[in-house]
Amino acid sequence: MSLTRIPLADLGPEGRALVDVDGTEVAVFLVEGEPYAFANACPHQGNPLLEGEVLGETLVCAFHAWKFDLETGACLFGDEPARTFRAELLGEEIVVRA
C-alpha cells in the first residue's frame with residue numbers, strides 16, 4: 001500500500017488539490033473538515049473531476065453533470081461510479097492510500 005501526503009497548506013482556496021498517486025491523477029477535496037479523493041477522470045468522458053462542484057454530499061462533474069456520492073463514488077446521475085481512494089485527515093495533512 002502506498003501513501004501520498006498532502007499538507008493542508010497545499011490545498012487551493014476551495015480546499016482542493018491535484019496529486020499523483022502511483023501514476024494516477026487524484027483530485028483531493030476537503031469538505032467541511034472531511035477529506036475525499038477521486039481519480040481525476042470522470043468515468044463518462046474522462047473530464048477532470050477537480051473542476052466539479054461539491055453540493056452537499058455530492059460531486060457534480062462540471063462538463064456533463066454526472067453526480068457522484070462523495071463518500072463512495074457511487075453514480076447518482078449517469079452510468080458508472082467514479083473511482084475513489086481512501087483519504088483521511090491526520091494532523092495538518094490529508095493522507096491518500098492506494
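A polar contact here is a pair of N or O atoms within 3.5 Å; within protein, one must be able to donate a hydrogen and the other to accept it, and residues adjacent in sequence count only if both atoms are side-chain atoms. This is a predicted model, in which local features need pLDDT of at least 70, side-chain atom pairs count only at pLDDT 80 or more, and totals for chains, interfaces and linings use all residues. Numbering starts from 1 along each chain as its sequence is written, and side-chain values use heavy atoms, with hydrogens and water left out.

**Stop 1: S2**

Select S2. It sits in the segment before β1 (3–7). Strands here are DSSP runs of E, at least two residues, numbered from the N terminus. The side chains of S2 and D22 make a polar contact at 2.7 Å. Next, show the other contacts of S2 (heavy atoms within 4.5 Å). Neighbours within four places in sequence aside, S2 touches D22, V96, R97 and A98.

**Stop 2: the six-stranded sheet**

Colour the open sheet β1-β10-β9-β4-β3-β2, which pairs antiparallel. Two strands count as paired if DSSP finds at least two bridges between them. Its edge strands are β1 and β2 (16–21), each pairing on one side only. Neighbouring strands are turned by 25 degrees against each other on average, direction ignored. Axes for such angles are lines fitted to C-alpha atoms, and angles run from 0 to 180 degrees between N-to-C directions.

β2 pairs with β3 (residues 24–31) in the antiparallel sense over six bridges. Pick R16 and find F29 opposite in β3. Then pick V19, which faces V26 in β3. Which residue of this hairpin takes a positive phi? D22 does, near 50 degrees, in a hairpin with two residues between the strands. D22 is also the polar partner of S2 from the previous stop.

Five bridges pair β1 with β10 (residues 93–97), antiparallel. T4 has V96 as its bridge partner in β10. Strand β9 (residues 84–90) is joined to β10 by five bridges, also antiparallel. Here A87 has V96 as its bridge partner. V96 is also among the contacts of S2. Finish at G91. It lies in the turn of the β9–β10 hairpin, which has two residues between the strands, and has a positive phi of about 65 degrees.

**Stop 3: the four-stranded sheet**

Select the open sheet β5-β6-β7-β8, again antiparallel. β5 (53–55) and β8 (75–77) stand at the edges with a single partner strand each, so one side of each has no neighbour in the sheet. The twist averages 30 degrees from one strand to the next. Zoom in on β7 (residues 67–69), which two bridges join to β8 in the antiparallel sense. F68 has C75 as its bridge partner in β8.

**Stop 4: the largest pocket**

Select V31, E32, E34, Y36, G56, E57, D69, L70 and E71, the lining of the largest pocket. The space inside is about 170 Å³. What classes make up the lining? Three residues are nonpolar, one is polar and five are charged.

How values were computed. On a 1 Å grid over the protein atoms alone, a cavity is a set of points where a 1.4 Å probe fits but cannot get out, and a pocket is an open set with protein on both sides within 12 Å along at least five of seven lines; lining residues have an atom within 4 Å of a point. Grid points are joined across faces, edges and corners, and a volume is the space filled by probe spheres set on the points. Ala, Val, Leu, Ile, Met, Phe, Trp, Tyr, Cys and Pro count as nonpolar, Asp, Glu, Lys and Arg as charged, and the others, Gly among them, as polar.
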